[in-house]
Amino acid sequence: MKKMIFHKDNLLLYAVTDRAWTGRQTLTEQIEEALKGGATMIQLREKNLSETDFIKEAIAVRRLCRAYHVPLIINDNLNVALKSSADGIHVGTEDMPVEEIRKRAGKHFIIGATAKTLEQAKAAEAAGADYLGVGAVFPSPTKKNAIRITKAQLKQISSSVSIPVVAIGGIESSNAADLQGCGICGAAVVSAIFAAENISSATAELKEKITQSLHKPTIKTALSIAGSDPSGGAGIQADLKTMTLNGVYAMSVITALTAQNTTGVSGVFEVTPAFLAQQLDAVFQDIFPDAVKIGMVSSVSAIEVIADKLEEYKPKHIIVDPVMAATSGAKLIHEDAVAALKRRLLPLASLLTPNIPEAEVLSDLSIQCREDMLRSAKQISETYGCAVLCKGGHNPDQADDLLYENGCCHWFYGKRICTQNTHGTGCTLSSAIASNLAKGFDLVTAIKRAKDYISHALSAGLDLGRGCGPLFHGFDLNSRFADGSKNLQEY
């Protein structure tokens, strides 16, 4: 019998059976009520039936599911799934390996796998799973001792794998709204459906709540880890403006307070390592960022803390702008911190965005021409195992940037803009790239969009302060939203 084609929408309301609540109706009758109410997938779970009886029941339920065009998934038992011509199987972390199931069942067989950690999720995806069941999200009457995961962990897993994720554990109408923004495709429920007095009505109500929760407007998120600039042109302040104007929800962790303006830096006050760690935990444990941008980190201790937390939380996109000096020339990193930066932080990056002087420090090569930029970017990339965007803004002849990634190079050609007001250009570019990566653009496209943004911000001709002034981060707010026809997230 031909299997149903699986789509992530099948996971919207994933009903898992349990005989604990049969009485007035048979299990098959309960399943039909759930299907009438709008269940989008059925998982048949039987712990005590003989395999022969399980197969008979699965065949009957399969016919019922076909009538409603809903996939039937068998819990744990591959023989039952195959002999009943079910559409797939769901396995736990200690059941038959996904690779073995795929070999026996073929490429069109739906395979779901339970994951409680990011490592388990990635392993299941690599093994060939079609979807993940992640939880427990809330306390569950069917799994009272299950280890719970936070919303931040759920979002982290959802954003780190390419296969769809369904949340499991204790989900009901009263808490479905709490799943908003977690990146899931739906919810798997047991008692919220099958323990209800009216299964069809309960299913319809729950489906509506889950649909509302998942379809409410959401926004991608980005985190800046950097120093504060009270004059607003660089650092955290520039990052937050840039991220907001590039359509993501911006968050910040401050590494240091600076006393600076357009004429220079007169003081730096570093945040303690313990408080830096507290800030990072506060963000990652609540609103997990889709991308992280790292700017000014001036001390060894701060670098160690940030590296430890990134290794713990494993965000998908990490963009490091290896800030070593302000535009005015003031040094912003201790001498011993450069070695720590190279040893701990740079190997964790997805992308490094050094300017020419910074690239020279990281590669120990002099850069005088385009060929030198390529040699330097190649060496940095191979040393730290990440993509490198070598920025050409310090080159007096052109403003071309070079991306070196996986042995390939891509030039981004830019027109040099005649202005002395370039305070915060590095912060702005890296934050714009992070924003576009968070929104799902590939690296080349993210950089193109970021360069377009910064070119307009420079060309706007803002002239503030007595020194090297800032860019105009909000250069086209009026034109973009004057008639209310454009959406910031679509920019």
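## Around strand β8

Strand β7 (residues 165–168) runs parallel to β8, the two being joined by three bridges; strands count as paired here if DSSP finds at least two bridges between them. Helices (H or I, at least four residues) and strands (E, at least two) are DSSP runs, numbered from the N terminus. In this pair, I168 sits opposite A188 of β8. Strand β1 (residues 13–16) also pairs with β8 in the parallel sense, again over three bridges, and here L13 faces A187 in β8.

Buried means under 20% relative accessible area, exposed means over 50%, and partly exposed lies in between (1.4 Å probe, protein chains only). In a regular strand the side chains alternate between the two faces of the sheet.

## The model and the whole chain

This is a predicted model, in which local features need pLDDT of at least 70 and side-chain atom pairs count only at pLDDT 80 or more, while totals for chains, interfaces and linings use all residues. Residues are numbered from 1 along each chain as its sequence is written, and side-chain values use heavy atoms, with hydrogens and water left out.

The protein chain has 17 helices and 17 strands, and its C-alpha atoms fill a box of roughly 80 × 45 × 40 Å along the principal axes. Of the 491 residues, 54% are buried. The chain exposes about 21,400 Å², with 51% of that supplied by carbon and sulfur atoms; accessible areas come from the Shrake-Rupley method with a 1.4 Å probe, and for residues only the protein chains shown count as cover. Among contacts (heavy atoms within 4.5 Å) between residues at least 6 apart in sequence, 65% join residues at least 24 apart.

## The nine-stranded sheet

Now to an open sheet of nine strands, with mixed pairing and the order β11-β10-β9-β12-β13-β14-β15-β16-β17. Its edge strands are β11 (264–270) and β17 (408–412), each pairing on one side only. Strand β9 (residues 221–228) and strand β12 (residues 291–294) are parallel partners over four bridges, and L223 stands opposite V292 in β12.

Helix α15 (residues 425–438) packs on this sheet and touches β9, β12, β13 (318–320), β14 (351–352), β15 (387–390) and β16 (401–405). Its direction makes about 170 degrees with that of β12; axes are lines fitted to C-alpha atoms, for helices over the stretch in contact, and angles run from 0 to 180 degrees between N-to-C directions.

## Salt bridges

How many salt bridges does a search of the whole structure find? There are 21, a salt bridge being a side-chain nitrogen of Lys or Arg within 4 Å of a carboxyl oxygen of Asp or Glu. Side chains of opposite charge can pair when their charged atoms come close. One of these pairs is E119 with K314, whose closest N and O atoms are 3.5 Å apart. The pair links distant parts of the chain, 195 residues apart: E119 is in helix α5 (residues 118–127), and K314 is in the loop between α11 (300–313) and β13. E119 counts as partly exposed because its relative accessibility is 47%, and K314 is partly exposed at 32%.

E311 and R344 also meet in a salt bridge (3.2 Å, N to O). E311 is partly exposed, with a relative accessible area of 36%, whereas R344 is buried at 14%. Both belong to a network of salt bridges that links E304, D308, E311, R343 and R344. K391 and D321 form a further salt bridge (3.5 Å, N to O), and both residues are buried.

## Two more spots to look at

Q156 is in helix α6 (residues 151–160) and counts as buried because its relative accessibility is 8%. Leaving out residues up to four places away in sequence, Q156 touches L118, F288, Y313 and K314.

I219, Y249 and I287 make a nonpolar surface patch of about 240 Å². Patches are made of residues with over 30% relative accessible area and no salt bridge, with like charges joined within 9 Å and nonpolar side chains (Val, Leu, Ile, Met, Phe, Trp, Tyr) within 5 Å. I219 lies in the loop between α8 (199–215) and β9, and is partly exposed at 35% relative accessible area.
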